[in-house]
Amino acid sequence: MIPLAVPDLSGNESRYLEECVTSNFISSVGSFVGRFEEMVANVSGSFRGVATSSGTAGLHAALVAVGVERDDLVILPSLTFIASANAISYCGADPWLFDVERTSWNLDPEQLARRLESDTEIRGGEVIHRPTGRRVAAIMPVYTLGLPADMDRIVAIAREYNLPVVADSAAALGAVDNQRPVGALGADLTVFSFNGNKTLTCGGGGAVVGDDPAQMDLVKHLTTTARYGSGYDHDRVGFNYRLSNVHAAIGTAQLERIADLVAAKQRIRRVYDEAFDDISSLIAFPDYSPPSKIQQSSCWFSGVFVDRADPERISSILAHLKNSGIESRPFWKPIHLQDPYKNAPKNSLTVCDDIWFRVVVLPCSVGLSKDDQEQVINAVLHAVSN
Ligand SMILES: *Cc1c(COP(=O)(O)O)cnc(C)c1O
């Protein structure tokens, strides 16, 4: 079986793990946590990083840190992994669901501007969603598949309404926009996941990065049970969202190789795109841009997008790949179609509804061999030629 996305642990991973065991630092204290935080901050172009036990935990802590409270609304593109919406729910808030752009599969800045204009009003300095009377507390763009959203426009709109921006950059570490790394695109806080299926992994883990020292202190405080002083004093309800030294050891070894790991993902994307270029029924994922272009995705996942809403063609590709010993998968089912979020406020979601089920994710492990990728390509070509 050719797997979808498995980690490559061929660097210093085992050496650092052994260091944890021999030094007896396997829990929340240890030198790898600090090293990991420093490296994440560096590679993302941020002042500071805080390690968390998962990307979801990082999103939750970031939302609390920017002031999201019970009954608030947080603007979210509906095309995302359920964790983005769940983090909003953990605050007692709800997502206000927006559509994505057809070109990037990211939050549509046009609809964002239009809906803020038509559906909200400013009351006592707060943005109120008129249909529900609820406060809009933040904007959470998602960098789908590792491609940064149009942050220049999104951040400009956020400033106009004085709304904080928390970027769900779960799989986008290593992406750039106009040569800026992904932590330097204007979001107040940017969140990464280091889950096992991401380009870089800790086994499980996450990180929050940002530039405001006081806000980053708050994130650290929230993720470490809001403790102060040297005793058992806690000044609010905090979380135990720390990353263990063991997980940070793996993450540190992975971060040492970030350039190679991301380059491998981008190369895999390019090979798929070239192989399917002249197949009219298959469209490339957005957006491997050659280095000359402004935005460059970290190409977390690769695959194909079927040109028409043709459920039969899609299931025949999935079935043929399965029979050929190749793992493939459909993509995120949007949030507005998920049971817990059926009643969340939403706008017209035409693009979401049209694209999500036409995506087939193909094997794209950083260690995917040339031969294996060729086997995947041949199986896809075979499936679509029938
Ligand atoms: C992976 C992912 C998350 C969740 O990260 P975990 O580390 O698994 O909690 C959140 N949002 C997006 C877009 C993701 O891809």
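1. Two strands count as paired if DSSP finds at least two bridges between them. The strands themselves are DSSP runs (E, at least two residues), as are the helices (H or I, at least four residues), and both are numbered from the N terminus. With that in hand, look at the open sheet of 4 strands with the order 14-16-18-17, where the pairing is antiparallel. Strand 14 (282-283) and strand 17 (329-330) are its edge strands, each pairing on one side only.

2. Before going on, a word on what you're looking at. This is a predicted model, so local features need pLDDT of at least 70 and side-chain atom pairs count only at pLDDT 80 or more, while totals for chains, interfaces and linings use all residues. Residues are numbered from 1 along each chain as its sequence is written, and side-chain values use heavy atoms, with hydrogens and water left out.

3. Back to that sheet. Strand 14 and strand 16 (residues 302-306) are antiparallel and share 2 bridges. If you want a pair to click on, L282 stands opposite V306 in strand 16. Helix 10 (residues 311-323) packs on this sheet, touching strand 14, strand 16, strand 17 and strand 18 (359-362). Contact here means heavy atoms within 4.5 Å. The direction of helix 10 makes about 15 degrees with that of strand 18. For such angles, axes are lines fitted to C-alpha atoms (for helices, over the stretch in contact), and the angle runs from 0 to 180 degrees between N-to-C directions.

4. Now for another open sheet of 4 strands, this one with the order 1-11-10-7 and mixed pairing. Strand 1 (48-52) and strand 7 (166-168) stand at the edges with a single partner strand each, so one side of each has no neighbour in the sheet. Ignoring direction, neighbouring strands of this sheet are turned by 20 degrees against each other on average.

5. Inside that sheet, strand 10 (residues 189-193) and strand 11 (residues 206-210) run antiparallel and are joined by 5 bridges. Helix 7 (residues 213-223) lies across strand 1, strand 10 and strand 11, and runs at about 15 degrees to strand 1.

6. The hairpins are worth a look too. Strand 4 (residues 120-123) and strand 5 (residues 126-129) run antiparallel with 4 bridges, and T120 has H129 in strand 5 as its bridge partner. There are 2 residues between these strands, and G124 in the turn has a positive phi of about 55 degrees. Strand 5 also pairs with strand 6 (residues 134-139), again antiparallel, over 3 bridges. Here V127 is partnered by V136 in strand 6. This second hairpin has 4 residues between its strands, and G133 in the turn has a positive phi of about 75 degrees.

7. Zooming out, how is the protein divided? It splits into domain 1 (13-255) and domain 2 (258-385), with bounds that come from an automatic or database domain assignment. Their C-alpha centres lie 25 Å apart, and the contact takes 48 residues from domain 1 and 39 residues from domain 2.

8. What about the area between the domains? About 3,800 Å² is buried there, and carbon and sulfur atoms give 64% of it. Buried area is the accessible area (1.4 Å probe) that two parts lose on being put together, summed over both. On the domain 1 side, W105, L145 and T199 lose the most area to domain 2, together 21% of what that side buries.

9. The structure holds 19 salt bridges (a side-chain nitrogen of Lys or Arg within 4 Å of a carboxyl oxygen of Asp or Glu). Between domain 1 and domain 2 the count is 1 salt bridge. R102 and D354 also meet in a salt bridge, at 2.9 Å from N to O. R102 lies in the loop between strand 3 and helix 5 and D354 in helix 11 (residues 350-355), so the pair ties together parts that are 252 residues apart in sequence.
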